[in-house]
Amino acid sequence: MIAVEELGVRFGQDRDAVQAVEGVSFRVAEGESFGLVGESGCGKSTVLRVLCGLQREWRGRVEIAGAALSRRPPRGFFRGVQMVFQDPYGSLHPRFTVDATLAEPLAIHGLGDRRRRVERVLEAVGLDPAFRYRFPHQLSGGQRQRVAVARALILEPRVLLLDEPTSALDVSVQAEILNLLSTLRSERGLTFLLVSHDLAVVSHLCSRLAVMRAGRLVEQLPVETLRSGAAAEPYSRELIEASRG
Amino acid sequence: MSGVTLPTAGWRAWLLSERPGSALQARLGQGWLAWVAFRRNRLAMLGLGLVLLLLLVAALAPWISPYDPNLQNLRLRLQPPGADHWLGTDELGRDILSRILHGARITLYIVTLVVVIAAPVGLLVGTLAGYFGGWVDATLMRLTDIFLAFPRLILALAFVAALGPGIDNAVIAIAITAWPAYARVARAETLTLRGADFIAAVRIQGAGPLRIVGRHIMPLCLPSVIVRITLDMAGIILTAAGLGFLGLGAQPPAPEWGAMISTGRAYLLDQWWVATIPGIAICLVSLGFNLLGDGLRDLLDPKRRGG
Amino acid sequence: MSAPLLEVEGLDVAFAGPRGLVPAVRGVSFTLGREKLGIVGESGSGKSTIGRAVLRLLPETARVSAQILAFEGEDLLALQGRALRRLRGRRITMVMQDPRFSLNPVMPVGEQIAETLRVHRVARGAAVRAKVLEILEAVQIRDPERVYRAYPHELSGGMGQRAMIAMMLIADPALLIADEPTSALDVTVRRQVLAILDDLVSRRGMGLILISHDLNLVASFCDRVLILYAGRVVEEIRARDLQHCRHPYSRGLLASLPRLERPSASLPTLQRDPDWLNGPVYRFGEEVPA
């Protein structure tokens, strides 16, 4: 479903240039849930931004659903790939009601039947339809993140990119959102690419993961290896050790 | 976790409902909360009162003026404020009160036209420059700088020299020098908003830049621009008065406040009311807009930070 | 058992809002000696408010009242002006979450740390610089001279937080309140910073209050843990006994954490019981009626 080959991203110019991502390659099969972990500044979020079309300057080859990703993706591309952002508050327009936020992607792509689609997606994420006309500041963190997930799903994408979807949430709410994501993935056969610094979250949602450091991919491992801590690379082992209790 | 009680009945309950049934109800509810917060600021309410007074007076001038503002009565010239003429008469025997009331119309006309022209232009230029960056930003900002460099009065003189004196030309001259400030405010807001996650979210939905600027960014820039405009209002009124004073704005016999001050100047020592009363009117209206602008800014800022 | 450093009894904090008084902390009581106490709770539980109430750092809209709120026997609520300032930064200090926001961005780090010494007249002149370099070394900053001259944005998260700790410990306080000190840091750096904190606190015989949302972190680091829910302490327990906590909220919190070692198809979610707002609480495994 996703094939990334020798991806490189460089910010800035000449002497101030920073190589945020270098030579990253991995593949994600359809319906698989893949994790990308590493500390802040390792480039994992940049990889996501390339895949969803936000980061337009990069080198290498990226293929999503068999089609090569171009620097200026056509509008239809965005129906296949969507993203859930980290900060549930910052990712919703402060002056749009929940209804307006959800209707916007429909309007952009000229999809009709707005009322029914919005209702269905609200139900899918477990939000009371009475919240439909609330503003973001009238919702709790967990509710806002549900809206963000609903917004990502309303175009019925095949791939869902998740950038630290629960790190800004309370522990008790985190569990709800993780369960929701799990359920939605199995119900809709979605492909997940999850970025997180929290290995426990990754171990819960993903079947395979890659460890990144300073822009490079250090190691790819299955989640069982993550749990046992028997990673090949010392950096991976260090990360796993630091995450334990 | 809340120790808060909400009203359960009546229109207040409808507005404050936690489950609004429509977008309209939700927006009205937010508007109501904003109004309640605004109401608490007494100075801002005073400002609002003064502005509303201006609007009311301008609307009702022909019906509440005791005399025709242009009616001359040379036998009663330069009368001090008294029972017949509450604010006295000017050098041609015209009732000053009536002239002030009709002058409110002119002031309102000028102020409204300037805002209607300058605000959309400023907003558009600012948001486009801020969002696109690069050469678009550079070009638009240099354009803005050029217009910012002109002192209002000098540009007005130039216009008048080219097109002839008159209230409409004065309006255009003021509007042309007013929009750059709004463009800057809008651009500053846009630069902050550009990197926000919710803008990134709508980009990855496939929205084009114009839709993003028009539907997502502009509404968020509006509050700062509105505050800037209300605070600018005093300056606009004073500039118009200045132009009137120089004879470049409204032409006689129009009861424009600045022009009234100008003609009243000759009688300042002995018949102070002829020049002073229009001056007080200008002062009050400027004060009203300033206080209103301050109140709006207090209202909009903390909200923006938290929500 | 030494005399308590901090004694809190019946602490109530409420905030005046547009719709009335909103309670944030309700009847919180605890004592602190020269030990490490952890206060755990989610957002809105009131944990940060407690820390700030002790330092009297709450905004004007806050209404604070307590039967006892005493530090080394002195009533904190009665202190004003100069007496309060003598206490803050000298006897009681606070380390906050993000050094990017808690350090002054336009002042070199060394100067900020030195300011503490100057304000509280602990040292003067050349001795000040020497003391600052000394404390920077104590927090394991390898190049104290460079960090002295650096601005906050030039430091990494971990280093910035260590500088913050240095700043708060230089005046040798008796009590340190740490409000989410490692939440903004990377996982590998967290342990390091906590270890430094642990070391310094033990060596100086200080009291420490660690406020966090991370239950496991607090349990592994502190001696005792208070679990807060909706402004109340619902459980007080020794850190090593955390697995045997009894209040349904505590148990629910523990259970809903995804675990590295323990795969599960679905995480148990917390079902909030309105009973928790006013029901019985637990102290060291014993039930205490409401």
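**Exercise 1. Classify V288(C) as buried or exposed, and place V288(C) in chain C.**

Solution. 
Step 1. Count the neighbours. In this predicted model, V288(C) has 12 C-beta neighbours inside 10 Å.
Step 2. Apply the cut-off. A residue with 12 or fewer is exposed. V288(C) therefore counts as exposed.
Step 3. Find the element. V288(C) belongs to strand β13 of chain C, residues 286-288.
Step 4. List the contacts. Setting aside neighbours within four places in sequence, V288(C) touches P280(C), V281(C), Y282(C) and R283(C).
Step 5. Check a residue farther along the chain. V234(C) is 54 residues away in sequence, and the two C-alpha atoms are separated by 9.5 Å.

**Exercise 2. Determine which residues of α5(C) are buried, and where they sit around the axis.**

Solution. 
Step 1. Describe the helix. α5 of chain C runs over residues 126-138, 13 residues in total. From first C-alpha to last, α5(C) reaches 19 Å, close to the 18 Å expected at 1.5 Å a residue.
Step 2. Pick out the buried positions. These are V128(C), V132(C), I135(C) and L136(C).
Step 3. Look at their directions. They cover an arc of only 105 degrees around the axis, so they lie on the same side of α5(C).
Step 4. Turn to the other side. There, A126(C), A127(C), A130(C) and E134(C) are exposed.
Step 5. Identify the cover. The buried residues of α5(C) are covered by elements of chain C including α4 (109-119), α6 (144-149) and α7 (157-169).
Step 6. Look past the helix. Q140(C) follows α5(C) and has a positive phi, near 65 degrees.

**Exercise 3. Describe the side of chain C that touches chain A.**

Solution. 
Step 1. Count both sides. Chain C gives 20 residues to the contact, and chain A gives 23 residues.
Step 2. Assign elements. On the chain C side, α8 (187-204) and α9 (215-221) each supply at least two residues. The largest share, three residues, comes from α8(C).
Step 3. Sort by class. This side of chain C holds seven nonpolar, eight polar and five charged residues.

**Exercise 4. Compare the radius of gyration of chain A with that of a compact globule.**

Solution. 
Step 1. For 245 residues, a compact globule would have a radius of gyration near 18 Å.
Step 2. Compare. Chain A has 18 Å, which agrees.
Step 3. The C-alpha trace of chain A spans about 50 × 40 × 35 Å along its principal axes.
Step 4. Of the 245 residues of chain A, 51% count as buried.
Step 5. Among contacts in chain A with a separation of 6 or more, 67% join residues 24 or more positions apart.
Step 6. Chain A has eight helices and 10 strands.

Conventions:
Residues are numbered from 1 along each chain as its sequence is written. Chains are lettered from A and ligands numbered from 1 in the order in which they are written. This is a predicted model: local features need pLDDT of at least 70, side-chain atom pairs count only at pLDDT 80 or more; totals for chains, interfaces and linings use all residues. Helices (H or I, at least four residues) and strands (E, at least two) are DSSP runs, numbered from the N terminus. A residue is buried if 20 or more other C-beta atoms lie within 10 Å of its own, exposed if 12 or fewer, and partly exposed in between; C-beta atoms are placed from the backbone. Two residues are in contact if their C-beta atoms, placed from the backbone, lie within 7 Å. Ala, Val, Leu, Ile, Met, Phe, Trp, Tyr, Cys and Pro count as nonpolar, Asp, Glu, Lys and Arg as charged, and the others, Gly among them, as polar. The expected span of a helix is 1.5 Å times one less than its number of residues. The arc is that of the directions from the helix axis to the C-beta atoms. The radius of gyration is taken over C-alpha atoms; the globule rule is 2.2 Å times the number of residues to the power 0.38.
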